[in-house]
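Here is a short report on selected features of one structure. Please read it beside the sequence and the coordinates.

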Amino acid sequence: MKKTLTLAITIASLAATYAWAEEPRSGGVINTVIQPEPPGIIAGVHQNAPTQTVSGNIYESLLRYDTDLNPMPQLARDWTVSEDGLTYTFYLHEDATWHDGEPFTSADVVFSTDVYLREMNPRTRTILSHVKSIEAPDDHTVVFTLKNAFGPFILAFEAGTMPMMPKHIYENTDFRTNEANNHPIGTGPFKFESWDRGRVIKLVKNEDYYEEGLPYLDGINWHVIPDASSRAVAYENGTIDVLPANSVENFDIPRLSKLDNTCRTEQGQEYFSPFAMLWMNNREGPTADKRFRQAVMYALDREFVRDVLWNGLGKVPLSSFGSNASFQNDSLPPYEHDPERARELLDEMGYEGEEIRLLPIPYGETWVRWAEAVQQNLQEVGINVSTQSTDIGGWNQRLAEWDYDLAFTYLFQYGDPALGISRTYISSNIAKGSPWNNVEGYKNERVDELFDLAATAYPDKKREEYYHEAQEILHDEVPVGWLLELGFPTLYRCDVKNLVTTGIGLNDGFKNAWFDR
Amino acid sequence: MLYARLIIMRLLKAVIVLFLIVIFNFFLIHMAPGDPAVVMAGEAGATDAEFLNQLREQFGLDQPLYVQLWNYVSGIATLDFGYSYRQQTPVFDLIMDRLPATLLLTGTAFVMSLGLGILAGSMAAARAKKLSGSLIMALALVFYATPLFWVALMAVMLFSVQLEWLPAYGYYTVGTDLTGFALVLDIGQHLILPATTLALFSMAVYTRMTRTSMLEASQQDYVKTARAKGLAPGVIQRRHILRNALLPIITLAGLQAGQMVGGAILTETVFAWPGIGRLMFEALMQRDYNLLLGIFFFSAALVIAFNIITDLVYGLVDPRIKESS
């Protein structure tokens with residue numbers, strides 16, 4: 001009886017799948033926007049977001065990741081990890097080629113990781129510091145041997161983090177000034193066609209792509225439209241098919257979402273999981289006092305900001321680890337909006353109305369209003385806040401020089417605490433000159449030790465214990481304010497199918513997309 | 001002969017002024033917080049001291065400021081404007097790439113505002129005591145007082161979104177490989193909204209200026225003489241009043257013409273017009289010193305050139321000025 005039922009269900013679900021699965025069709029050029037215009041589109045040279053969005057369709061890494069961040073094959077068709085977590089072996093696609101026709105081999109992998117990226121990419125350099133050797137036993141096999149176990153290593157093979165660069169073009173040249181940088185050569189589903197600066201970047205289908213039948217689209221046009229409302233208009237009047245995450249102002253999202261033939265997804269950000277934070281200067285002034293920082297957490301009405309400024313998208317974070325990060329300790333009590341408690345804490349520490357300088361992040365309207373909301377929340381509990389507006393160059397400089405009391409930022413979590421979270425809290429990461437390290441100046445030996453142990457522990461069960469303890473300490477000491485796990489929706493015409501299928505969204509999304517027109 | 005010497009003197013002075021402007025700009029830009037390396041590293045979302053040093057060394061920013069100044073000035077002397085840090089392209093090429101679009105936009109707006117402004121102004125002067133004259137002036141006041149970006153956005157909402165008559169943004173239609181006349185037509189269509197938006201404000205200024213200046217000139221004795229001679233009112237308006245009223249308008253036109261390179265940042269941004277104004281704004285945000293200085297140099301040179309041209313035109317329009325100088 002049970003067996004028959006199972007069989008029936010299987011048949012029914014199979015039938016349903018067949019009925020609903022539409023056969024992807026080839027053809028069509030998709031129009032989207034890129035904001036801001038990237039300085040270049042060579043994956044290895046520039047690491048900013050717009051470069052990665054465009055170049056992720058030209059260049060590839062060994063793996064890609066689904067929306068739960070499980071690795072999927074890309075240039076590596078298969079891979080194994082040894083029992084002790086020290087040896088990673090990748091088996092490469094044998095018929096992958098570069099856009100200029102040269103075969104893609106293990107020598108390219110060794111060159112890209114061991115030579116090119118070690119020189120060019122500070123973030124990748126840090127990951128590769130765990131690697132003892134990179135070897136190519138044959139043309140289509142690469143073996144990474146690690147110095148110590150490093151759990152998140154399998155997450156590092158994303159196109160923006162570990163892009164494969166052609167050895168035959170770059171070996172023994174100056175990577176930054178190589179002439180070939182004007183004409184990217186990758187292995188990806190789309191080839192570079194032209195870049196009319198200030199106007200449009202055009203990619204065309206790679207007819208010789210090694211995955212049979214892919215891509216479906218004939219090409220991608222990335223329009224350069226510097227004004228946010230003009231971008232919204234371009235979508236409204238039909239020139240643009242896709243508005244990528246963070247390309248229009250938040251207050252336009254509800255209106256645009258209601259347009260005909262418009263779909264919206266919040267997926268495709270899982271790998272990055274942008275986390276908005278409030279740097280609090282742990283070195284001097286009232287913000288150096290733990291009670292003041294706790295008071296700030298109680299003073300903030302984070303639900304209000306999410307619901308009003310972010311259209312209800314995103315999550316109010318519990319503590320230092322976002323909900324997409326592994327190893328979140330969800331037994332911690334949340335910091336509720338409690339102005340009374342905030343005032344008590346301020347009284348207890350003896351805060352006497354010293355001026356607190358708040359540095360907003362100049363990323364557009366939403367962020368300006370957010371800074372106003374924070375200022376108001378803090379004033380309500382008696383904190384004397386002055387806002388200091390600046391442009392992006394000034395913002396970088398002020399943070400890099402530690403010249404602030406409170407400051408907005410948002411950081412990517414990269415799917416694992418050792419890649420995206422520990423960098424904010426470990427004291428070895430305190431150094432002037434960067435707005436992305438331990439800018440707040442937090443020092444706690446136990447936290448340092450726990451993050452250290454957790455990064456190299458194996459298997460995951462052991463990492464979890466360390467991370468949970470670290471979160472307890474951070475939760476109490478509040479080195480930074482945890483504002484919001486941001487939800488950036490992507491808007492697109494509903495007849496564009498399979499657009500966002502991975503955890504890095506549009507950065508490699510057009511490979512599987514097709515038009516149902 | 002004397003006149004030729006005067007022009008040479010003016011040119012010599014212009015070179016000195018330009019040189020001072022270059023030096024002044026250089027220090028001004030370096031006073032802004034942050035440098036290109038910090039901004040580029042900031043965009044990357046990750047950085048370390050090694051990365052920053054690599055960038056600074058590559059850009060030559062690790063050298064003392066006076067060495068950088070010397071390098072820059074000696075480069076300028078040989079018309080070498082250096083490389084854009086961010087785009088890794090010669091500054092001269094970047095500017096030349098954007099210049100046609102900007103000149104097309106600002107040039108069209110210039111001709112449009114000057115022509116229509118003088119026309120509307122003289123009409124208003126001729127009908128100074130009539131309702132139609134007041135109407136023209138009221139309209140001019142509205143254009144004069146309305147912020148440019150608002151006009152731009154409303155024009156897009158009306159003509160592009162609602163009526164669908166004109167393209168909302170851009171320089172040409174992406175994805176259609178037009179050539180020849182079809183391309184000219186396409187660019188022309190894209191030009192209408194931004195050029196009109198840009199022209200409205202200065203058109204209002206010219207209208208007001210022309211009217212006032214003409215009313216003033218019409219009080220002069222030679223106008224009474226002309227009337228007494230029995231000349232037709234139209235002829236008096238054109239030959240006797242308008243010509244004599246032109247001087248202040250030329251001054252204003254000279255000022256506006258000097259701003260043609262960098263004066264359209266807002267319009268270029270709203271309409272995604274790929275011009276110099278946007279290039280300059282982005283260069284400022286990214287602290288791309290060489291590019292910014294290059295654009296400053298070009299616009300300063302243009303302002304100076306138009307100053308000289310304006311002075312020459314004065315002489316043509318009013319021979320008395322030529323003689324007194």
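## Salt bridges

The side chains of A:Arg306 and A:Asp307 meet in a salt bridge, 3.1 Å from N to O. The term means a side-chain nitrogen of Lys or Arg within 4 Å of a carboxyl oxygen of Asp or Glu. A:Asp307 counts as partly exposed, at 43% relative accessibility. Here buried is under 20% relative accessible area, exposed is over 50%, and partly exposed lies in between (1.4 Å probe, protein chains only). Over all chains, the structure holds 32 salt bridges. This is a predicted model: local features need pLDDT of at least 70, side-chain atom pairs count only at pLDDT 80 or more, and totals for chains, interfaces and linings use all residues. Residues are numbered from 1 along each chain as its sequence is written, chains are lettered from A and ligands numbered from 1 in the order in which they are written, and side-chain values use heavy atoms, with hydrogens and water left out.

A:Glu344 and A:Arg341 form another salt bridge, at 3.4 Å from N to O. They sit 3 residues apart in helix α10 (residues 339-349) of chain A, so about one helical turn separates them. Helices (H or I, at least four residues) and strands (E, at least two) are DSSP runs, numbered from the N terminus. A:Glu344 is partly exposed at 43%, and A:Arg341 is partly exposed at 30%.

## A link between two helices

A:Arg446 and A:Glu469 also meet in a salt bridge, 2.8 Å from N to O. This pair links distant parts of the chain: A:Arg446 lies in helix α15 of chain A and A:Glu469 in helix α16 of chain A, 23 residues apart. A:Arg446 is partly exposed, with a relative accessible area of 32%. A:Glu469 is partly exposed too, at 29%. Elsewhere, salt bridges that share partners join A:Arg357, A:Arg398, A:Asp403 and A:Asp405 into one network.

Helix α16 (residues 460-477) of chain A also holds A:His475. This histidine counts as buried, at 8% relative accessibility. Leaving aside neighbours within four places in sequence, A:His475 is in contact (heavy atoms within 4.5 Å) with A:Leu318, A:Ser319, A:Leu332, A:Pro333, A:Tyr335 and A:Trp482.

## Strand β9 and its partners

Strand β9 (residues 200-205) of chain A has 5 of its 6 residues buried, so the rest of the structure largely encloses it. Strand β8 (residues 190-196) of chain A pairs with β9(A) in the antiparallel sense over 6 bridges. Pairing requires at least two DSSP bridges between the strands. A:Val200 in β9(A) is the bridge partner of A:Asp196. The hairpin of β8(A) and β9(A) has 3 residues between the strands, and A:Gly198 there takes a positive phi near 85°.

β9(A) also pairs with strand β10 (residues 219-223) of chain A, antiparallel over 5 bridges. A:Trp222 in β10(A) is the bridge partner of A:Ile201.

## The second largest pocket

About 730 Å³ of space lies in the second largest pocket. Its lining has 30 residues, and A:Thr126, A:Ala418, A:Arg423, A:Ile426 and A:Asn429 lie nearest its centre. On a 1 Å grid over the protein atoms alone, a pocket is an open set of points where a 1.4 Å probe fits, with protein on both sides within 12 Å along at least five of seven lines; lining residues have an atom within 4 Å of a point. Grid points are joined across faces, edges and corners, and the volume is the space filled by probe spheres set on them.

The largest share of the lining, 4 residues, comes from α4(A).
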